Every structure is written in C-alpha cells, then in structure tokens.
Amino acid sequence: MISLSEELIKQIEAHGERDYPHECGGILIGHYNAEKGKTVVELMPMENASEESTRHNRVLILPRDVLRAERYAREKKLDVVGYYHSHPDDKAVPSQFDLDHALPVWSYIIVSVLQGKSADVRSWEMENDRSKFNEEEIGLGTRDES
Ligand SMILES: [Zn+2]
C-alpha cells in the first residue's frame, strides 16, 4: 500500500494533463513504514529524457536524476519511494517497457490521461523476480474522503 494526500494525486494528474500528449514523469519522495507501506510526502517532477520522436510513450529516468533525488531526500531525512508517470490515451497499467525498466521495491504510480484529461490513477509494484507488476492500494492519507 502507498499513501499520499489528495493534493499530491491532483499534482500528478495536473502534470500529466500539462505534458499531454507527451508522457510526464517524476520521482516520489517520502518514507517506508514497516506496517503501513510507503507514504509519499513530496513529488520531484522530472524532465523527459527520451528523444522527441518517442516521447509520447517513453519516459526515461536518468541515473543522475535518481542520484539527485536520493541526495535531496536524504537531506530531508526522507527516501525515494517510487516513480510516477502518465500514459497519454492509454490505461493506467504498466507496459512491457515499464516492466523492463522497473526497479524493485519502488512504487510506480501511473495516471491515464485521455484526450488531455486525467481519467484514472493506479499504483503498481514489481514482483521480485521481475516477471510482472502487482497492483497496490492507494491510501489517501489522513484526509480520506473516499
Ligand atoms: Zn508506462
């Protein structure tokens, strides 16, 4: 399970809508908790590093961006807990490309953006043997209105 506030979910949706029809991406910063899983407290939006021609369906995170995020998180006594990205005109389900580039333990939040409007937000964790993603529950933090 991954917890984040509605405000952060809105920020992820807004980033996906802003970069539509391109994919957007960013790093999730927060903490790991033995009982409750992960909590996201902050987003670090990333520049899309892939070539213009493939930008609509490929978001690459550069190792230097991961290092920068880890350094930033450490300074705030936080951790990098995952990555979010958008799927323009596609479902909020990981692609084979996502699986091939996933890291263990991290959460992958995907926002589906249909015709410029965010339609669905789901979160996924990769199986340890890299065979597939498993969906994980998104908790809405303390101000739960669901
Ligand atoms: Zn994807």
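Analyst: Two strands count as paired when DSSP finds at least two bridges between them. The model here is predicted. Take β6 and β7 as a case: four bridges join this antiparallel pair.

User: In β7, which residue is the bridge partner of E125?

Analyst: The partner of E125 is N134. The hairpin made by β6 and β7 has six residues between the strands, and R130 in the turn has a positive phi of about 65°.

User: What is the order of the strands in the whole sheet?

Analyst: The sheet is open and has eight strands, in the order β7-β6-β5-β4-β2-β3-β1-β8, with mixed pairing. Its edges are β7 (133–136) and β8 (138–139), and each has a single partner strand, so one side of each lacks a neighbour in the sheet.

User: How many bridges join β2 and β3?

Analyst: Nine bridges pair β2 (residues 25–33) with β3 (residues 37–46), in the antiparallel sense. One example is L28, whose bridge partner in β3 is L43.

User: Which strands does helix α1 touch?

Analyst: Helix α1 (residues 6–19) packs on the sheet and touches β2, β3, β4 (79–88), β5 (107–114), β6 (117–126) and β8. The direction of α1 makes about 35° with that of β3. Helix α2 (residues 63–75) also packs on the sheet, where it touches β2, β3 and β4, and its direction makes about 40° with that of β2.

User: What does V121 contact beyond its neighbours within four places in sequence?

Analyst: In a regular strand, side chains alternate between the two faces of the sheet. V121 lies in strand β6. Beyond those neighbours, V121 is in contact with I9, E13, I109, I110, V111 and I138. The C-alpha atoms of V121 and I110 are 5.7 Å apart, although the two residues are eleven apart along the chain.

User: Which protein atoms are the donors of the zinc ion?

Analyst: The donors are NE2 of H85, NE2 of H87, and two OD atoms of D98, at 2.0 to 2.6 Å from the zinc ion. Along the chain they follow the spacing H-x1-H-x10-D. H87 is in strand β4 and D98 is in helix α3 (residues 96–100), so this pair ties together parts eleven residues apart in sequence. Both residues are buried: H87 has a relative accessible area of 4%, and D98 has 12%.

User: Why is the arrangement around the zinc ion irregular?

Analyst: Ideal angles for four tetrahedral donors at a metal are 109.5 degrees. To count as tetrahedral here, all angles must lie between 85 and 135 degrees. The four donor atoms subtend angles of 55 to 159°, which makes the arrangement irregular.

User: What share of the 146 residues counts as buried?

Analyst: The buried share is 42%. The chain exposes about 8,400 Å², of which carbon and sulfur atoms supply 48%. Of the contacts between residues at least 6 apart in sequence, 63% join residues at least 24 apart.

Terms used. Residues numbered from 1 in each chain as written. Predicted model: local features only at pLDDT ≥ 70, side-chain atom pairs only at ≥ 80, totals over all residues. Heavy atoms only, no water. Helix = DSSP H or I, 4+ residues; strand = E, 2+ residues; numbered from the N terminus. Contact = heavy atoms within 4.5 Å. Axes fitted to C-alpha atoms, helices over the stretch in contact; angles between N-to-C directions. Buried < 20%, exposed > 50% of the residue type's maximum accessible area, 1.4 Å probe, protein only. Areas by Shrake-Rupley, 256 points an atom, 1.4 Å probe, with all protein chains shown as cover. Donors = N, O, S within 2.8 Å, 3.2 Å for Na, K, Ca; no water. Tetrahedral: all angles 85-135°; square planar, octahedral: opposite > 155°, others 65-115°.
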